[in-house]
Amino acid sequence: MSVHRAPFRGLGPRLSLPARTATPPRHALKHSSFPIPHSLTAPSVAAASVRLPRSSIQCRGYATVSAADLQFGQPVYETHPHILKPGELTPGITAQEYADRRARLALSMTEGSVAILHAASLQYKSGAVFHPYRQESNFLYLTGWQEGDAIAVIEKTGPQLGDYVFHLFVKTKNPREEQWSGYRNGVDAARDIFNADEAHSFDQAETLLPKLLEPAKLIYADFQPSRSNPSSWLWRFFSGRDSRPSRTPLYTVMNKLRVVKSDAEVANMRLAGQISGRVITNAMRQPWQREKDLHAFLDYQFIINGCDGPAYIPVVAGGDRANCIHYTVNNSTFKEDEFILIDAGGEYGTYITDISRTWPASGKFSPAQRDLYEAVLKVQRSSVSLCRESARLSLEDIHNVTARGLVNQLRDIGFDVTMSTINQLFPHHVGHYIGLDVHDCPGFSRREILRRGHCVTIEPGIYVPDDEKWPKAFRGMGVRIEDSVCVDEDSPYILSTEAVKEVADIEALRSN
């Protein structure tokens, strides 16, 4: 496929940032349609985004290049049609949706303000050994850009939806460095593929950003700790050491945008839940002797069945190790008369699923195991049913309903427990928001009334310590049952339904 590149805009005009046209471009119009499937900007669009008098623009004739012949730092449709569909910048999410997100952010900002985001830094395990790169979630949500050493700036230019200018500062293409560290997208891709109105080298940020931010009345920004030298201008800026212009946290605005998921986001999470649920069900079909073997099975199966990989380090706990909520060393063995508890899920397009299941290592529930498991399952089913907009409940409300339900169920099987002591057996919250992150939208209140598009987990659990105050038959058992759920108007949309949880279904897996 041939890609029409935008007219060349010389370095001189790009440096003259303070100059402004009288009426900045309206992105609602700019991004209303895309001239080619994967939404590279059209020549007229690119020209409209230049913020200088037309006479000063240095243009050249159009050049036609084949994107399939180029190398980028992340998949694009032309190079990775097995990963992306036409129109998508990341799996399941189109360039149009990214533009719409930026437009909604700009609309939420105050007059004359600017939002600035810094890409995540590469994290190192030790010495020169690095972890797989993971982009900062808000940066990814607004840009789709999957590389570090980048800065995104969204400048509000008017009161209407689409009144903003999108700047990206990114690393330039460098064949010598790319030979060692992998391909990069480059400045041209920032403009032509990721639809930046103005794209510059990351090395120019220290010079150009102050000019860009000088007229701003307010800056929305968050500081992410990084390996940056505290003496560097970038560290000083994002840490708030440079106090002008005045600034305010960005995450509070972003949380309100991100917490309600689009149809495309829900589709990604449903696919991750479907794949992960089937993998977990398949894990229940076979006997396991070692936690690390089950851990490896889950990670591998998530990947080969279509997920990008595991969403987080799984909990794979046998017996009383399940009473450690975040047990992740996964280095012990299973006994036939114990429970296996796993908390695991894959991610697709960086959207996650979060699932917990508990089953007997033998494949057959003992009477005590069945009683405790059924007590948790009944409450989990009831709490999931409340994840609907018409219920007018918050996660905090559902937590309280869950706690009362667990008290009633446990009393029925011989526990002396009350609402004041249930936290000894149920020490965590019933759920959290999910999305790009396992604990999505950090800081967003669980007291907000759930509405359509909110995605949450529902995960009641009972963890019985070896203590004489609890019935002997249940001591050392840990049971957690968790599903990922999308809130709809009148019913929950369970994203992880393929992971079986009924006693009869679990036992049938091993008997067949």
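**Group meeting talk: cores, rings and a surface patch**

Okay, let's start with Phe130: at 52% relative accessibility, Phe130 counts as exposed. Here exposed is over 50% relative accessible area, buried is under 20%, and partly exposed is in between, using a 1.4 Å probe and protein chains only. Quick housekeeping: this is a predicted model, where local features need pLDDT of at least 70, side-chain atom pairs count only at pLDDT 80 or more, and totals for chains, interfaces and linings use all residues. Residues are numbered from 1 along each chain as its sequence is written, and side-chain values use heavy atoms, with hydrogens and water left out.

Back to Phe130. Which residue forms an aromatic pair with Phe130? That's Tyr124, and the pair is edge-to-face, 6.3 Å centre to centre with 85° between the planes. Rings of Phe, Tyr and Trp (its six-membered ring) pair if their centres lie within 6.5 Å; planes under 30 degrees apart are stacked, over 60 edge-to-face, and the rest tilted. Tyr124 is partly exposed, at 33% relative accessible area. By this rule there are eight aromatic pairs, and ring pairs also link Phe339, Phe365 and Tyr373 into a cluster.

Now the inside. Of the chain's 512 residues, 54% count as buried. The largest nonpolar core has 65 residues, and those touching the most other members are Leu294, Leu298, Leu372, Tyr373, Phe415, Ile422 and Ile462. Helix H13, residues 367–385, gives this core its largest share, seven residues. A nonpolar core, by the way, is a set of buried Ala, Val, Leu, Ile, Met, Phe, Trp, Tyr and Cys residues joined through side-chain atoms within 4.5 Å. Helices (H or I, at least four residues) and strands (E, at least two) are DSSP runs, numbered from the N terminus.

Take Ile462: beyond its neighbours within four places in sequence, its contacts (heavy atoms within 4.5 Å) include Leu372, Val376, Ile422 and Met477. Apart from that core lies another, of 52 residues, among them Leu105, Ile154, Ala189 and Ala311.

Last stop, the surface. Tyr300, Ile303 and Ile304 make a nonpolar patch of about 310 Å². Areas come from the Shrake-Rupley method with a 1.4 Å probe, and for residues only the protein chains shown count as cover. Patch residues have over 30% relative accessible area and no salt bridge, with nonpolar side chains (Val, Leu, Ile, Met, Phe, Trp, Tyr) joined within 5 Å and like charges within 9 Å. A salt bridge is a Lys or Arg side-chain nitrogen within 4 Å of an Asp or Glu carboxyl oxygen. Ile304 lies in helix H12, residues 291–304, and counts as partly exposed at 47% relative accessibility.
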